[in-house]
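This briefing covers a sheet, a set of salt bridges and a surface patch. Please read it alongside the sequence and structure shown below.

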Amino acid sequence: MSQSLEQRLPLAKLQEIIKWDVQGLVPAVVQDADSKDVLMVAYMNSESLQKSIVTGDTWFWSRSREELWHKGATSGNTQRITDLRYDCDGDTLLVLVKRSGPACHTGEDNCFYRSAAGVQSADSVTASSTSSASRFEVLGELEQIIKERYEERPEGAYTTYLFEKGIDKILKKVGEETAESIIAAKNGDNDELRLEVSDLIYHLLVLLRERNLPLDDIMSELDRRHERPRRD
């Protein structure tokens with residue numbers, strides 16, 4: 001590429017063209033530059049757009065956490081921008097990328113892996129039909145919270161205590177929660193088992209953060225073992 005992304009896309013000019021919403025945001029559709037598959041939709045504000053252009057990686061604004069986020073910063077599944085376009089009204093961005101891994105936090109190639117064909121009305125959808133993505137969304141949120149505790153170390157937080165005590169303390173807690181889960185299962189107490197397994201999963205996520213091993217890597221390994229046929 002003879003010119004950098006920043007040289008090809010003058011930021012000041014682009015900032016004037018874009019029609020930001022009342023929150024100062026614009027939707028950004030991310031597309032694979034090679035396959036042309038739509039990977040995800042997120043939001044950019046002025047600062048994340050600037051970071052995307054200057055660094056060449058996708059940066060977005062999280063409306064739930066109200067903060068900037070660099071796609072792939074923890075998972076390694078970054079997106080290198082090859083081109084950035086805006087639509088005829090200037091109120092939507094199209095970001096073409098070369099990706100280094102799955103775009104969806106669930107481990108799927110993209111965020112649009114579910115078909116709406118044959119979907120029942122909302123009133124008839126029960127909790128048992130909740131998709132795997134929404135079922136396990138809490139794991140991604142918990143991983144993010146643990147990451148923030150690791151980086152910020154707020155005083156008095158239990159997670160901070162674990163990180164400050166180090167790997168031996170974390171491993172001890174994983175062992176304890178594993179043993180307690182075994183006892184609860186042996187006793188046939190599902191209420192107790194639910195609580196103990198929840199504690200175990202939390203401490204496993206703390207361990208993964210301590211070892212700098214993203215949850216996405218675990219999901220990818222499980223996916224590999226399952227050997228699901230991949231879609232073209």
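A residue counts as buried when its relative accessible area is under 20%, as exposed when that area is over 50%, and as partly exposed in between. By this criterion D32 is buried, because its relative accessible area is 8%. The model discussed here is predicted.

**Sheet and packing helix**

- Four strands form an open sheet in the order β2-β1-β6-β5, and their pairing is mixed.
- The edge positions are taken by β2 (38–44) and β5 (79–86); each has a single partner strand, so one side of each lacks a neighbour in the sheet.
- On average, neighbouring strands of this sheet are turned by 25° against each other, direction ignored.
- Strand β1 (residues 26–32) pairs with β2 in the antiparallel sense over 6 bridges.
- Within that pairing, V26 has M44 of β2 as its bridge partner.
- Helix α3 (residues 46–55) packs on the sheet and touches β2, β5 and β6 (93–99). The direction of α3 makes about 125° with that of β2.

- The structure contains 9 salt bridges.
- One of them joins D32 and R99, with the closest N and O atoms 2.8 Å apart. Because D32 belongs to strand β1 and R99 to strand β6, the pair ties together parts that are 67 residues apart in sequence.
- While D32 is buried at 8% relative accessible area, R99 is partly exposed at 28%.
- A salt bridge also links R80 and D57, whose closest N and O atoms are 3.0 Å apart. R80 lies in strand β5 and D57 in the loop between α3 and β3 (59–62), 23 residues apart.
- In this pair R80 is partly exposed, with a relative accessible area of 45%, whereas D57 is buried at 14%.

- The side chains of E176 and K172 form a salt bridge with an N to O distance of 2.5 Å.
- Both residues lie in helix α7 (residues 167–186), 4 residues apart, which is about one turn of the helix.
- E176 is partly exposed at 26% relative accessible area, and K172 is partly exposed at 47%.
- Through shared partners, salt bridges join K172, K173, E176 and E177 into one network.

- L213 is located in the loop between α8 (190–210) and α9 (215–226).
- With a relative accessibility of 35%, L213 counts as partly exposed.

Methods. Residues are numbered from 1 along each chain as its sequence is written. This is a predicted model: local features need pLDDT of at least 70, side-chain atom pairs count only at pLDDT 80 or more; totals for chains, interfaces and linings use all residues. Side-chain values use heavy atoms; hydrogens and water are left out. Helices (H or I, at least four residues) and strands (E, at least two) are DSSP runs, numbered from the N terminus. Buried means under 20% relative accessible area, exposed over 50%, partly exposed in between (1.4 Å probe, protein chains only). Two strands pair if DSSP finds at least two bridges between them. Axes are lines fitted to C-alpha atoms, for helices over the stretch in contact, and angles run from 0 to 180 degrees between N-to-C directions. Contact means heavy atoms within 4.5 Å. A salt bridge is a side-chain nitrogen of Lys or Arg within 4 Å of a carboxyl oxygen of Asp or Glu.
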